[in-house]
Amino acid sequence: SNTPPVLVDTPESRELKSVTDIGGNYSIRRRLVLWEDALKECFGGDFFFGKGTDHYELFYHESAELSDKNWGSTLVRFVNNDFIQTFYENGFLGILGWLGIWGIVCWQGMVACCRFFRTGDVGELGVRIGLMACILCFLIEAFFEFPTRSPCAMFVGWSALGMLLGINLQS
C-alpha cells in the first residue's frame, strides 16, 4: 500500500518507541525490575542521604543491573513508585521525613474523625473524611506512579494535606 507511515523513523521516534508498550504484562514486569534495581541501590553507599533530589535519571544506569539487561536502550526517568524514588534520591532520612509529615497529619486527621464521629458533628467529620480520602488517593497513586512529580497532582495532594493540618491545629 502507499500509505505513509504514521511515525517517521527518526532517533526521537525510536526513543519514543522504546518507552512505550501496549502489550501484555510487559509494563508490570518492567516496573518490578525497576523497583528491584532502585531498592538495591537504596541500601548501598548513599543509604542515609540518597543520590540527591531529581538525580534518579542521572544515576539510573549506574544501578540498573537488571533493567539494563532487558531495556538498556530505554529512557528511564522515574521508578514508577514515589516512595522508592524518594528513598533513592533522598535516602533513609528523606523518606523518613516525607512519610513522617504525611503520617502525622493523617494520624491527627483520623483521631479527629473519631472524635467528631463520637460527638455527632457531621460537618467537621465530613470535611476531614473528604480531605483524608484525597490524601489517601494521592498516597496510593504514589505507590504505582509518580504524583509528587506531576504539578497538578502535587498541588492537590499537598493542598489537601495543608488544609487537613490547618483544621487539625484549629480543633
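**Entry 1: a charged network**

I looked up salt bridges and found Glu41, Asp46 and Lys51 linked in a network of them. I kept in mind that the model is predicted. Is Lys51 buried or exposed? Lys51 counts as buried, because its relative accessibility is 17% and the limit for buried is under 20%. Asp46 has 33%, so it counts as partly exposed.

**Entry 2: other salt bridges**

How many salt bridges are there by this rule? The count comes to seven. I looked at two more of them.

One joins Glu36 to Lys40, and the closest N and O atoms are 3.6 Å apart. Both residues lie in helix H2. They are four residues apart, which is about one turn of the helix. Glu36 is partly exposed, because its relative accessibility is 38%. Lys40 has 44%, so it is partly exposed as well.

The other joins Arg149 to Asp82, with 3.3 Å between the closest N and O atoms. Which parts of the chain does this pair link? Arg149 lies in the loop between H6 and H7, while Asp82 lies in helix H5. Asp82 has a relative accessibility of 0%, so it counts as buried. Arg149 has 23% and therefore counts as partly exposed.

**Entry 3: the overall fold**

I then stepped back to the whole chain. I counted seven helices and zero strands. Read along the sequence, the pattern is α-α-α-α-α-α-α. Buried residues make up 35% of the 171 residues.

**Entry 4: aromatic pairs**

Next I turned to the rings. The count by the pairing rule comes to twelve aromatic pairs. I took Phe47 and Phe87 as my example. Their ring centres are 5.9 Å apart and their planes stand at 70°, so the pair is edge-to-face. Why does it matter where each of the two lies in the chain? Phe47 is in the loop between helix H2 (26-42) and helix H3 (56-63), and Phe87 is in helix H5 (residues 82-119), so the pair ties together parts that are 40 residues apart in sequence. Phe87 is buried, because its relative accessible area is 10%.

Phe83 and Trp98 are both buried.

I followed the ring pairs onward from there. They link Trp35, Phe83, Trp98, Trp102, Phe138, Phe143, Phe144 and Trp158 into a cluster.

I also checked for a charge over a ring. Arg115 lies over the face of Phe116, 4.9 Å from the ring centre.

**Entry 5: the nonpolar core**

How many residues does the largest nonpolar core have? I found 26. Trp102, Ile135 and Leu139 have the most contacts inside it. Which helices supply at least two residues each? They are H2, H3, H5, helix H6 (122-144) and helix H7 (151-170). H5 gives the most, with nine residues.

**Entry 6: a nonpolar patch on the surface**

Then I looked at the outside. Phe48, Phe49, Phe92, Leu93 and Leu96 form a nonpolar patch on the surface. Together they have about 530 Å² of accessible area. I picked out Phe48, which lies in the loop between H2 and H3. Phe48 is partly exposed, because its relative accessible area is 46%.

**Entry 7: a glycine in H6**

I finished with Gly130, which lies in helix H6. Is Gly130 buried or partly exposed? Its relative accessibility is 40%, so it counts as partly exposed. I also looked up its distance to Leu164. The two C-alpha atoms are separated by 9.6 Å, and the residues are 34 apart along the chain.

Conventions: Residues are numbered from 1 along each chain as its sequence is written. This is a predicted model: local features need pLDDT of at least 70, side-chain atom pairs count only at pLDDT 80 or more; totals for chains, interfaces and linings use all residues. Side-chain values use heavy atoms; hydrogens and water are left out. Rings of Phe, Tyr and Trp (its six-membered ring) pair if their centres lie within 6.5 Å; planes under 30 degrees apart count as stacked, over 60 as edge-to-face and the rest as tilted. Buried means under 20% relative accessible area, exposed over 50%, partly exposed in between (1.4 Å probe, protein chains only). A charge sits over a ring if NZ of Lys or CZ of Arg is within 6 Å of the ring centre and within 35 degrees of the ring normal. Patches are made of residues with over 30% relative accessible area and no salt bridge: like charges are joined within 9 Å, nonpolar side chains (Val, Leu, Ile, Met, Phe, Trp, Tyr) within 5 Å. Accessible areas come from the Shrake-Rupley method with a 1.4 Å probe; for residues, only the protein chains shown count as cover. A salt bridge is a side-chain nitrogen of Lys or Arg within 4 Å of a carboxyl oxygen of Asp or Glu. A nonpolar core is a set of buried Ala, Val, Leu, Ile, Met, Phe, Trp, Tyr and Cys residues joined through side-chain atoms within 4.5 Å.
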